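Here's a quick tour for anyone meeting this structure for the first time. Have the picture open beside you and follow along.

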Amino acid sequence: MSILRRREFLHKTLCAAAGSAAFTSMFAKMELAQAATTGGIRRLEGDDYRALVCIYLYGGNDCFNMVVPRDAGHATYLATRGSLAVPQNQLLAINPTSGPSNGGQYGLHPVMTGARDMFEAGRMAIVANAGPLVRPTNKTLYQQAGTLLPAQLFSHSDQSVLWQTPRADSSARTGWGGRLADIFASTNPNQVLSMNVSLDGENVFQAGVSVSPYFMSSDGVEQIWPINTNGANCNGPEGWNRRRCLTFQALQTQTYGHAFERAYVNKTQATIATSAQVAAAIANYPSNDAVFQPFWTRNGLTWSATNPPELPRLAQQLLMIARVIRARGASQLNMQRQLFFAAIGGFDTHDNQLADHPGLLRDLSQSVQAFYDVLNSPTFALGSSVTTFTASEFGRTLTNNGDGTDHGWGGHHLVWGNAVNGRRIFGRMPNLQANNNPDDTGWGGQIIPTISADQYAATLATWYGLSDIDRADIFPNLQFMTGPMMAISGPNLGFMT
Amino acid sequence: MRNGFVVGLMLICGLSISPGADAQDAIFATGHDEAAEGPYTKAQASRFLTQATFGPTLTEIDRLYRMGYNAWLNEQFAATTSQQLPFLDQLIAQAVAAGQPIEVWQDKRQEIWWRNVLTGNDQLRQRMAFALSQILVISDQNGSLEGNPTTMAHFYDGLASGAFGNYRALLENITLHPSMGHYLSMFKNRKTDAAQNIRPDENYAREIMQLFSIGLVQLNPNGTPVDGNAGQAGIQTVPSYDQTVIAGFAKVFTGWSYSTCSPPVAPESSPSFNWWHWEYCPSGPDTQDWRSHPGWRTALKPWGEGTAFGDIYHESAGSKQLLNYAGVTLPNGVLPAGGTARNNLTAALNNVFNHPNVGPFLSRLLIQRFTTSNPSPAYVGRVAAVFANNGSGVRGDLRAVVRAILMDTEARSPAPTNGGKLREPLLRVTQLWRALDARSIDGRIREGWAEQYGAQAIQRSPTVFNFFLPNYQLPGEVATLGLFSPEFQITTDTYITRLSNEIGGKVYWAWWGNPDLGTWDPVQVNLNRDLALATQPAELVERYNLLFLNGRMSNTMRNLLITHINDITNNNSGSGWQRFRVQDALWLTLTSPEYVVEK
């Protein structure tokens, strides 16, 4: 059955079976049966695990201090950035085998040794100057009335949503990760745990039409103890909660007249079922297992199985993601496709940028390096199956507001994994001059993107297994991202093998 | 509704319909009083108190039932403000006097918030301050504020004391507050310096418009978005400002620093210009702890104001495009070149405050905090009309606005389909504690980290966008129905679990007299009153129905609870069986879908 036909089938079946309690399990069984008999869905063959990990940098990462010219271009950067500039001799040189398309030599911020090493090893790529677009745009078009532009440019909440949807033409609140899950969730043998797992609570990226993400924290999974019997249907061995559990569940399963009551019940029931399952699975892989040592060592901390020092925030989240991934097997969580969301905040560096920004970049660089040390260990051997990428609502202004930078538009992004066409810079680096900059909007160095968030997301989704047909559904604006104004024309930026 | 009633009344009475302004006010006042009668039942009283306070108590239900809404509201409007800062200052003074380190951090600010909302007599004022704190957001999740609980307490006290004042004054108060100045970087924001590539910071300029006053799109008087193109299907929203306006406001908001800076002693061009007094201005003397510094609890001041050199870092030069709207005072919304920092600020705040969006925008946000996530446009419109004119020609009277929100027919009639809201986590805890007269043995409240179980703690939101967005729509049925569900944004698997567990801890562990508490002295619920009803399950359930469900518990739920309670006996539960009955009745009620959704 082709994906398109499968989706038609899904749609019709959903409409026919809506309201049927038996539907979910019936459908899951059909899906499995179909995969077993026809092998028609490529992504279900063998032990073909794939995961995407989104690292969201809340506040708008100042990527112009993350990837910096280290050739003669540094003078322009220095003149614009002034007191915020990273000195030329401190940059960590990177030597791409190709790109950027307009040449130049670049370096990474001096705290990012892990990212430098992964780049040089061919396991990280840089995507230059990406951001939300409705149509290809340049300065002339930007300043012309009537040009289609993303709504509320430079606003945190709005641009954050547009990065995650990415539907710069729409106020839709589903994310591309959620829409991917709407398609792929049914391919997971496990139909209880959501395909989408967030380590940082609510996000638009993972919200689909039918799929809601599952939230856990870097501390793991918690259960509702007054009704927990350590077993399904209030019937586990710890029977002292049984009666309370049964009454609680009886109150939950009434017919409720208010949409919020129904939504609360749905969320509570999903929570109970999932937490029991995930808790049991990750308990098999405690965080003090020596395989997770790199999270400490890459962050300059001394690992200890008994009394480990506290990890940076992103490291904590990626460690928990690694534990969940490790429990992917058929006898445990039984997942073939997963999509994780991790996030750190603090990137809104209007003030004190020199003091605050490096620590965030260090956590990013070192914790992701550790994550891949772990994924490439023999225990996992999943370096090619897990791709990690950054998102952030905008790059920041080139110009300096005294001790920080303000809200911009386009920015550079990082993609990690063995499946990445690494050691390359994709796209075109923007001009960094403060005045009369042909690449900015005319407002203090807000850089107009030359790669759209749609292209970036679609490239990742294609690697994940999205068909060309579904791609047009999920990224309706992708078709417009062509022509000379785009650094790379067309739906696939080429940074994934 | 009221208009119809008034017109009908006038026809019946044979009045001619052209009353002067005074007569009209009198008639409206009569209409208002008419609508404000009640409550007629204790259940109605309980529902009102759920909306207007941090939780009904049996005593307060009785009192409101006896005195009526109007008298109760007037009493609340007159009540003395419970403040936070004196408590923190007292702790600091005690530590200083004892020669001890000053252990006054954000948990102490949380403590005094809890104390005020649990025991303060100014319940409505505190509830309004709570609402305002989620609109005029500052947060201790911010490098400049995290170590500084006193300035945040001072800010909150400003919200409480301004809760029934005028919104224009409140807007100025928060704009010039050092906490806000640091949080949204208006503090030490300086004029354009082309040579150094410095231009004014746009942070505050953007957020005061987007979040504190007018929002992103132009609104009709009832809060619905203006349709920019009626010929096209759907609503084509019209932005309420653009980048030129942000740049204009950013220039206005320049030149301000602590009130405690040493002034400039020479013009900027002079070699003896003391720029370092701007750059390194202290908030107070080195000999004093920063948490007591006057600069952190006094309005910001333009550096140089009152000197011969003027407001050195204010961008006085050049005209500034501010908001342009029908009836705007500044010609085309343009603030002319020149002017002092203070005068320009006044003009700019007037320009924002008088924008027609403010009434509907703010009214909807406040309604969502008090009564319903999804007010009808008519409800928003009625409250916005009161914002525009309190009946005496005053715009922005928050006292009139909060009265209009609570006394509106949509708030006082039974909730329409899908009306009401998901209860905020903090309110779920305060409602339990107030209803059960909870307290610790030593009177302290060690509840400094509520965000860990509720994803919410006072002035601790992750960003300026509060804990949840007013327009958040939970994916699925809620979104499909077009409903907004702000509180669902933090109702994740993690927090459903944690909050259910926390309420479990507060019911099953932290009860007055529990010997297992040892030296741990949390806030403890008092179960003794309700233990008397342990052998009368129907009465026990009815009490919680009144206190927590405003008398609207379904028969199904009532029967399930009564059966459950009857099943707890000495035989199967041991000597604590009566207490277990009360505790289970409480926890099952407080985690039930009927309670969690306030209607």
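## Where the two chains meet

One thing to keep in mind from the start: this is a predicted model. Let's begin at the contact between the chains, which takes 58 residues from chain B and 59 residues from chain A.

The biggest giver is H23(B), with 8 residues. Sorted by class, this side of chain B has 24 polar, 22 nonpolar and 12 charged residues.

## Two helices of chain B, side by side

Stay with H23(B) for a moment and look at how it sits against H28(B). Their axes come within 10 Å and cross at roughly 160°. Angles over 145 degrees count as roughly antiparallel, and therefore H23(B) and H28(B) get that label. The crossing of H23(B) and H28(B) is right-handed.

Who does the touching? From H23(B) come B:Ile503, B:Gly504, B:Val507 and B:Tyr508, while H28(B) brings B:Gln583, B:Leu586, B:Trp587 and B:Leu590. By class, that makes 6 nonpolar and 2 polar residues in the contact of H23(B) with H28(B), and no charged ones.

Now hop over to chain A, where 3 strands form an open sheet in the order E2-E4-E3, with antiparallel pairing. Strands E2 (67-69) and E3 (92-93) of chain A are the edges, as each pairs on one side only.

As a bit of background, strands of a sheet pair through backbone hydrogen bonds, either parallel or antiparallel. To see one such pairing here, find E2(A) and strand E4 (residues 106-108) of chain A: they run antiparallel and are joined by 3 bridges. Within this pair, A:Val67 stands opposite A:Leu108 of E4(A).

## A serine in a loop

Last stop: A:Ser186, which you'll find in the loop between helix H7 (176-184) and strand E6 (196-198) of chain A. Is A:Ser186 buried or exposed? A residue needs 20 or more C-beta neighbours within 10 Å to be called buried, and A:Ser186 has 21 inside 10 Å, so it counts as buried.

Also look for A:Arg337 while you're there. A:Ser186 and A:Arg337 are 151 residues apart along the chain, yet their C-alpha atoms are separated by 9.7 Å.

Notes
Residues are numbered from 1 along each chain as its sequence is written. Chains are lettered from A and ligands numbered from 1 in the order in which they are written. This is a predicted model: local features need pLDDT of at least 70, side-chain atom pairs count only at pLDDT 80 or more; totals for chains, interfaces and linings use all residues. Two strands pair if DSSP finds at least two bridges between them. Helices (H or I, at least four residues) and strands (E, at least two) are DSSP runs, numbered from the N terminus. A residue is buried if 20 or more other C-beta atoms lie within 10 Å of its own, exposed if 12 or fewer, and partly exposed in between; C-beta atoms are placed from the backbone. Two residues are in contact if their C-beta atoms, placed from the backbone, lie within 7 Å. Ala, Val, Leu, Ile, Met, Phe, Trp, Tyr, Cys and Pro count as nonpolar, Asp, Glu, Lys and Arg as charged, and the others, Gly among them, as polar. Axes are lines fitted to C-alpha atoms, for helices over the stretch in contact, and angles run from 0 to 180 degrees between N-to-C directions. Angles under 35 degrees count as roughly parallel, over 145 as roughly antiparallel, 65 to 115 as roughly perpendicular and the rest as oblique. A crossing is left-handed if the near helix is turned anticlockwise from the far one by less than a right angle, and right-handed if clockwise.
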